[in-house]
Amino acid sequence: MSLQLSSTTSKGFLGVAELRRRAVTRLARIGEGAAERERQRELPHRQIRELAEDRLLTWRIPQAYGGSGASVREVVQFVVDLAAVDSNVAQALRPSFSFIEGLLVRGSEEERERWFPRYLAGEVFGNAGWEIGGANGAISARIVREGDHYRASGSKFYSTGSLYADWVSAVALDENEQPVSFILPRDREGLVLLDDFDAMGQRLTASGTTELNDVLVHAHELRTRPNEEGQRSIVTPFLQLFLAAVEAGIARNALNDAVSFARDHARPIKHSSASRSVDDPYVELAVGEISARAFAAEALVLRAADSIDAAWAEGLSQEAVTRASVDVAQTQYLAVESALKASELLFDVGGASTTGRGHNLDRHWRNARTVANHNPRHWKAAAVGAWRLKGTEPPNSGLF
């Protein structure tokens with residue numbers, strides 16, 4: 001079935017080169033005031049909306065549907081670049097990129113024809129899947145049939161990006177205790193989004209509470225869920241790599257701030273051999289190590305992206321998907337370490353003035369630490385070790 005392109009799509013095909021050009025311009029603007037936004041906790045509504053309007057969420061949409069058909073490597077490079085100017089904005093858009101990957105892997109033709117034009121029109125997608133108060137991954141929200149429609153009730157947390165979204169996806173259990181996925185317009189009565197996320201880092205990701213208060217769900221708003229018991233999905237390593245890309249961006253952002261601070265603010269200590277901080281050998285050492293760690297994190301992220309692209313090229317065989325999952329797990333482990341260390345070393349380029357709240361340099365460590373806490377990275381390393389030593393398959397879970 002061919003797609004009847006929307007009026008927005010018909011404005012013209014945007015290839016990868018044009019998206020890159022737009023990204024350079026837009027990211028420079030997002031970087032302006034990002035540290036102050038984080039310090040004042042000003043949610044980046046405008047910045048996210050402008051990214052969507054520039055079609056910078058549509059990299060992976062196939063050309064047949066009006067997108068650029070970019071590779072995983074190309075979109076992951078964009079995520080790193082975005083996180084390097086504002087890691088909050090990057091993570092807040094993870095559900096939007098996730099939804100596209102899901103449609104590519106398991107979406108029906110009807111779903112693709114419905115949702116891809118909305119992306120191309122500049123719409124944003126949020127997530128309200130996770131809950132707190134029970135076992136990790138447990139669902140207590142409920143959805144019940146009511147004639148030709150449904151009603152959903154429950155409370156979700158870690159609703160990343162939903163305050164910025166036009167559409168919010170959620171999951172609840174039906175009368176048979178089976179999970180049901182659905183997606184709702186942001187303004188649906190009974191759908192309440194709260195700005196109550198209070199983590200020490202990534203404070204602008206809008207990852208707070210979503211309340212489903214007997215909210216109406218139409219039959220066409222239900223989403224296809226895969227029936228792949230025991231099968232590993234390529235979407236999961238993509239989502240995990242997205243977090244590693246955010247970490248790599250944080251490391252680069254810390255490097256940029258280290259260089260700027262050493263050049264413009266720092267002064268050498270009294271017994272330094274240098275008259276300028278940029279000539280102090282220990283400042284040079286600190287900046288050099290930060291640079292190496294940022295470089296390594298980004299290189300690892302792009303190498304893992306190549307593994308995901310390779311899995312696509314091999315028809316998403318389980319062997320190829322497992323290799324990609326292992327590569328992503330290794331990447332996450334070291335990307336987290338690199339971002340945390342780079343963010344700590346930043347304080348070695350100057351004295352006590354580096355801790356001034358006006359500079360807000362601590363945001364890099366806080367953000368890196370908060371992103372790292374999404375998954376227990378030591379479990380990832382152990383799983384990779386078991387795979388290397390004994391051929392033990394990594395878990396088929398949200399962590400791999």
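Is the crossing of H8 and H9 left-handed or right-handed? In this predicted model, where local features need pLDDT of at least 70, side-chain atom pairs count only at pLDDT 80 or more and totals for chains, interfaces and linings use all residues, the crossing of H8 and H9 is left-handed, that is, the near helix is turned anticlockwise from the far one by less than a right angle. Residues are numbered from 1 along each chain as its sequence is written, and side-chain values use heavy atoms, with hydrogens and water left out.

Helix H8 (residues 235-264) and helix H9 (residues 281-313) have axes that come within 9 Å and cross at roughly 160°; helices here are DSSP runs (H or I, at least four residues) numbered from the N terminus, and axes are lines fitted to C-alpha atoms over the stretch in contact, with angles from 0 to 180 degrees between N-to-C directions. H8 is therefore roughly antiparallel to H9 (an angle over 145 degrees).

Turning to the rings, Phe, Tyr and Trp (its six-membered ring) pair if their centres lie within 6.5 Å, with planes under 30 degrees apart counted as stacked, over 60 as edge-to-face and the rest as tilted. By this rule there are 12 aromatic pairs. One of them, edge-to-face, joins tyrosine 65 and phenylalanine 116 at 5.1 Å centre to centre, with 70° between the planes. Tyrosine 65 is buried (under 20% relative accessible area) at 9%, and phenylalanine 116 is buried at 0%. Phenylalanine 97 and phenylalanine 242 form a tilted pair, 5.7 Å centre to centre and 45° between the planes. Phenylalanine 97 lies in helix H6 (residues 94-106) and phenylalanine 242 in helix H8, so this pair ties together parts 145 residues apart in sequence.

Technical notes: Helix = DSSP H or I, 4+ residues; strand = E, 2+ residues; numbered from the N terminus. Parallel < 35°, antiparallel > 145°, perpendicular 65-115°, else oblique. Buried < 20%, exposed > 50% of the residue type's maximum accessible area, 1.4 Å probe, protein only.
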